[in-house]
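Biologist: Hi! Could you walk me through this one? I'd like to begin with the aromatic side chains.

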Amino acid sequence: MGQFTEVLSVIGFVIRALGFIVLGFGVGRFTMDAYKKAVWQVQIALAVGFFGLLVGLTNYASPGSMGMFALGAGIAVILSGMAKKEEESEDAKNK
């Protein structure tokens, strides 16, 4: 019975890590998409909310969970920046 609970514990850690990376990607993607379309007051609120979430997770989540969240959010931010560069290069080609 002890080995079974250890296996379930490991599976739980993997699922939590995958959940946090998906959550980080989703929150990062939402924040970056909304940030581009918003007025400056909403941009400030999005930035403060996002960094507040990072501070809260750092304090209350495990280091592995926080790392996976940060990894997912970082991927979303990088992909958002790459999409902007691709749009600019396409605009330059069309001119």
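Modeller: Happy to. Keep in mind that this is a predicted model. Going by ring centres within 6.5 Å, the count comes to 1 aromatic pair.

Biologist: Which geometry does the pair of Phe50 and Phe51 have, and why?

Modeller: The ring centres of Phe50 and Phe51 are 5.7 Å apart and the planes stand at 75°, so the pair is edge-to-face. The cut-off for that label is over 60 degrees between planes.

Biologist: And Phe50, is that one buried or exposed?

Modeller: Phe50 counts as buried, because its relative accessibility is 14% and the limit is under 20%.

Biologist: Nice. Let's zoom out: how many helices and strands does the protein chain have?

Modeller: There are 3 helices and 0 strands, so from the N terminus on the order reads α-α-α.

Biologist: How much of the chain counts as buried, then?

Modeller: Of the 95 residues, 17% do. The chain exposes about 7,000 Å², with 71% of that supplied by carbon and sulfur atoms.

Biologist: Switching to specific residues: where is Gly24, and what does it touch?

Modeller: Gly24 sits in helix α1, which covers residues 2-37. Leaving out residues up to four places away in sequence, Gly24 touches Phe69, Gly72 and Ala73. The C-alpha atoms of Gly24 and Leu71 are separated by 7.2 Å, although the two residues are 47 apart along the chain.

Biologist: Is Gly24 buried or exposed?

Modeller: Buried, because its relative accessibility is 0%.

Biologist: Okay, and Ser80, which helix is that in and what does it touch?

Modeller: Ser80 lies in helix α3, residues 63-94. With residues up to four places away in sequence not counted, Ser80 touches Met32 and Lys36. Ser80 is buried too, at a relative accessible area of 4%.

Biologist: What share of the chain's contacts join residues at least 24 apart?

Modeller: Among contacts between residues at least 6 apart in sequence, that share is 64%.

Biologist: Last topic, charges. How many positive and negative side chains are there?

Modeller: The protein chain has 8 positive and 7 negative ones, and the centres of the two sets lie 3 Å apart.

Terms used:
Residues numbered from 1 in each chain as written. Predicted model: local features only at pLDDT ≥ 70, side-chain atom pairs only at ≥ 80, totals over all residues. Heavy atoms only, no water. Helix = DSSP H or I, 4+ residues; strand = E, 2+ residues; numbered from the N terminus. Buried < 20%, exposed > 50% of the residue type's maximum accessible area, 1.4 Å probe, protein only. Contact = heavy atoms within 4.5 Å. Areas by Shrake-Rupley, 256 points an atom, 1.4 Å probe, with all protein chains shown as cover. Lys, Arg positive; Asp, Glu negative; His and termini not counted. Charge placed at Lys NZ, Arg CZ, Asp CG, Glu CD. Phe/Tyr/Trp six-rings, centres within 6.5 Å; stacked < 30°, edge-to-face > 60°.
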